[in-house]
Amino acid sequence: MTTALQAVIFDLDGVLIDSEICYITKLAQWVEADFHKTVPMECLLPIVGSSGPAHWLAVRPFLPSEWGREDYLKAYRAFLAQNPIHYDQLPFPDVLPTLRTLKELGLRLALATSSPRDKVDQILVECGFTGFFEVILTRDDVENCKPDPEIYRKTLAGLSLPPQACLVVEDSAIGIAAAKAAGIPVAARREERYYVDQSQADHLLDRIGDLPQLLQSL
């Protein structure tokens with residue numbers, strides 16, 4: 001490597017796996033199936049890059065007025081049990097070759113995601129991502145989720161590296177804001193199927209497979 005960069009910190013959903021659009025679609029399908037209501041896309045977009053409570057808030061106006069979050073969780077989990085997400089079908093096609101290339105280049109890899117630990121562990125196994133990341137932090141490891149920078153500051157501490165020695169790969173405005181607040185440069189995987197503000201990213205990637213070329217140019 002000719003760059004001083006030592007580590008790449010990845011978000012998970014929308015970066016390594018094409019799950020953001022899947023989560024939006026599943027949630028809308030559930031409301032349609034159980035309540036015969038259509039959730040507009042503008043109500044679903046706050047889900048992108050966010051933690052679990054945002055999902056509940058996005059669909060709350062379309063659920064029975066007397067329902068609380070526990071009612072929502074019970075009903076939606078029952079729907080997912082019957083209509084599961086197949087995570088092994090969601091990795092972007094160039095992700096595994098890119099991870100291997102980055103390791104061959106001598107870069108250290110970390111994962112910082114707003115998903116819960118149990119789901120992350122499941123995804124890592126099903127998608128063949130185990131063994132690539134020396135630091136893995138989830139929303140269960142922090143008090144404040146993105147856009148708070150806590151998860152990225154803890155990832156830096158776990159790597160024992162300063163911000164300028166790392167690059168974060170994100171997709172959402174929330175994730176980009178969290179990384180920038182931690183002082184880490186950000187490359188965003190470009191998303192054009194729905195609007196997401198990526199204007200604060202330092203670099204844009206058309207595909208994750210373009211990452212090694214970007215790193216060589218830094």
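Predicted model: local features only at pLDDT ≥ 70, side-chain atom pairs only at ≥ 80, totals over all residues.

Reader: How many helices and strands does the chain have?

Author: Helices (H or I, at least four residues) and strands (E, at least two) are DSSP runs, numbered from the N terminus. Here there are nine helices and six strands. The radius of gyration is taken over C-alpha atoms, and the globule rule is 2.2 Å times the number of residues to the power 0.38. The chain has a radius of gyration of 18 Å, close to the 17 Å given by the rule for 218 residues, so it is as compact as a globular protein of that length. Along the principal axes, its C-alpha atoms fill a box of roughly 60 × 30 × 30 Å.

Reader: What percentage of the residues is buried?

Author: A residue is buried under 20% relative accessible area, exposed over 50%, and partly exposed in between (1.4 Å probe, protein chains only). Of the 218 residues in this chain, 51% are buried. Contact means heavy atoms within 4.5 Å. Among contacts between residues at least 6 apart in sequence, 66% join residues at least 24 apart.

Reader: Which residues have the most contacts inside the largest nonpolar core?

Author: A nonpolar core is a set of buried Ala, Val, Leu, Ile, Met, Phe, Trp, Tyr and Cys residues joined through side-chain atoms within 4.5 Å. The largest one has 34 residues, and those with the most contacts inside it are Val-8, Phe-10, Leu-16, Phe-129, Phe-133 and Leu-211. Strands E1 (7-10), E2 (108-112) and E4 (166-170) each give two or more residues to this core, as do helices H1 (20-35), H5 (95-104), H6 (117-127) and H9 (211-217). Helix H6 gives the most, with four residues. Apart from this core lies another, of 23 residues, including Leu-156, Leu-161, Ile-176 and Ala-179.

Reader: Which residues are in contact with Val-8, leaving aside its neighbours within four places in sequence?

Author: Val-8 is then in contact with Leu-102, Leu-107, Arg-108, Leu-109, Ala-110, Leu-167, Val-169, Leu-211 and Leu-215.

Reader: Where is Leu-96 found, and is Leu-96 buried or partly exposed?

Author: Leu-96 is found in helix H5 and, at 23% relative accessibility, counts as partly exposed. With neighbours within four places in sequence left aside, Leu-96 is in contact with Cys-127, Gly-128, Phe-129 and Phe-132. The C-alpha atoms of Leu-96 and Leu-16 are separated by 8.7 Å, although the two residues are 80 apart along the chain.

Reader: Which peptide bond is cis?

Author: The bond from Lys-146 to Pro-147 is cis, with omega near 15 degrees. Pro-147 is found in the loop between strand E3 (135-137) and helix H7 (150-159).

Reader: What is the phi of His-36, and what is the phi of Ser-160?

Author: His-36 has a positive phi of about 55 degrees although it is not a glycine, and Ser-160 likewise has a positive phi of about 55 degrees without being a glycine. His-36 lies in the loop between H1 and helix H2 (41-44) and is exposed, with a relative accessible area of 64%. Ser-160 lies in the loop between H7 and E4 and is exposed, with a relative accessible area of 64%.

Terms used. Residues numbered from 1 in each chain as written. Heavy atoms only, no water.
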